Amino acid sequence: MALLEIVLEGDPRLRQKATRIRTVDDGLRKLAADMHETMLDAPGVGLAAPQVGIGRRLIVVHVPADYAEQGDPETTLTLVNPEIIKAQGSVVGQEGCLSIPGWVGDVPRADAITVKAIGLDNRPLRIKAHDFLARVLQHEIDHLDGILYVDRVEDKATLLRVPDDEEVEGPVVDEREEAGRERERHQREALGVGVGD
Ligand SMILES: [Zn+2]
């Protein structure tokens, strides 16, 4: 396996529509393995082939357990020719992109989606996703059509600078906010104050 170079905004390869994959072969499996390694190294929760300069319809996803919410299972996906066949609801959430380091912004996305794809074994797959995973998948599938999250930011005032070491791909989970809430809860418990006071 090998780490691949992540292409940055301004590179025309991020703006091209990626081509459909006819069959999954060993070359594609090698690319998928390298993309998983690159994503984990970044680290990011998703990566699309155009982000490593390859104009093919392939995305990888890895969401660690409890990442967005306690109790969420670990999710690892490799999707060939992914396509959203059903989308419901709309929710605004913060996103970042490894191809646009140092920025985050608020993006409206469908709340629940169904995705059709092919797996690395050439078999058809169907995935139902909501909340965090639905946002990751919509972000990555957009990359295959040359669309970046910044294109979908409706209120440009929500585009914010973040330190480079807080780079993300897809949805942002604010760990500081989570940690703050947890600390506050412990303090309340220590003081014997009930929740809601
Ligand atoms: Zn991205």
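Two strands pair if DSSP finds at least two bridges between them. Helices (H or I, at least four residues) and strands (E, at least two) are DSSP runs, numbered from the N terminus. The structure is a predicted model, in which local features need pLDDT of at least 70 and side-chain atom pairs count only at pLDDT 80 or more, while totals for chains, interfaces and linings use all residues. Residues are numbered from 1 along each chain as its sequence is written.

**Exercise 1. Describe the open sheet of four strands and identify the strands at its edges.**

Step 1. The strands of this open sheet follow the order E8-E5-E4-E9, and their pairing is antiparallel.

Step 2. The edges are formed by strand E8 (160–161) and strand E9 (170–171); each has a single partner strand, so one side of each is left without a neighbour in the sheet.

Step 3. The pairing of E9 with strand E4 (residues 91–96) is antiparallel and rests on two bridges. Glutamate 95 has proline 171 in E9 as its bridge partner.

**Exercise 2. List the elements of the protein in order from the N terminus.**

Step 1. The protein contains four helices and nine strands.

Step 2. Read from the N terminus, the elements give α-β-β-β-β-β-β-β-α-α-β-β-α.

**Exercise 3. Determine which residues of H1 are buried and how they are arranged around the helix.**

Step 1. A residue is buried if 20 or more other C-beta atoms lie within 10 Å of its own, exposed if 12 or fewer, and partly exposed in between, with C-beta atoms placed from the backbone. By this criterion, 30% of the 197 residues of the protein count as buried.

Step 2. In H1, the buried residues are Ala32, Met35, Thr38 and Met39. Viewed down the axis of H1, they fall within an arc of 125° (taken from the directions from the helix axis to the C-beta atoms), so they line one face of the helix.

Step 3. On the other side of H1, the residues Asp26, Lys30 and Asp41 are exposed.

Step 4. Two residues are in contact if their C-beta atoms, placed from the backbone, lie within 7 Å. The buried residues of H1 pack against E1, E2 and E3.

**Exercise 4. State how E2 is joined to E1 and to E3.**

Step 1. E1 and E2 run antiparallel and are joined by three bridges. Here alanine 48 is opposite isoleucine 59 in E2.

Step 2. E2 and E3 also run antiparallel, with six bridges between them. Histidine 62 is opposite threonine 76 in E3.

Step 3. E2 is mostly covered, since five of its six residues are buried.

**Exercise 5. Locate the backbone features at proline 43, asparagine 122 and aspartate 131.**

Step 1. Most residues other than glycine have a negative phi, and most peptide bonds are trans.

Step 2. The peptide bond from alanine 42 to proline 43 is cis, with omega near -10°. Proline 43 belongs to the loop between H1 and E1.

Step 3. Asparagine 122, although not a glycine, has a positive phi of about 70°. This residue is in the loop between E6 and strand E7 (124–130). Asparagine 122 is exposed because 11 other C-beta atoms lie within 10 Å.

Step 4. Aspartate 131 is not a glycine either, yet has a positive phi of about 50°. Aspartate 131 lies in helix H2, and counts as partly exposed because there are 16 C-beta neighbours inside 10 Å.
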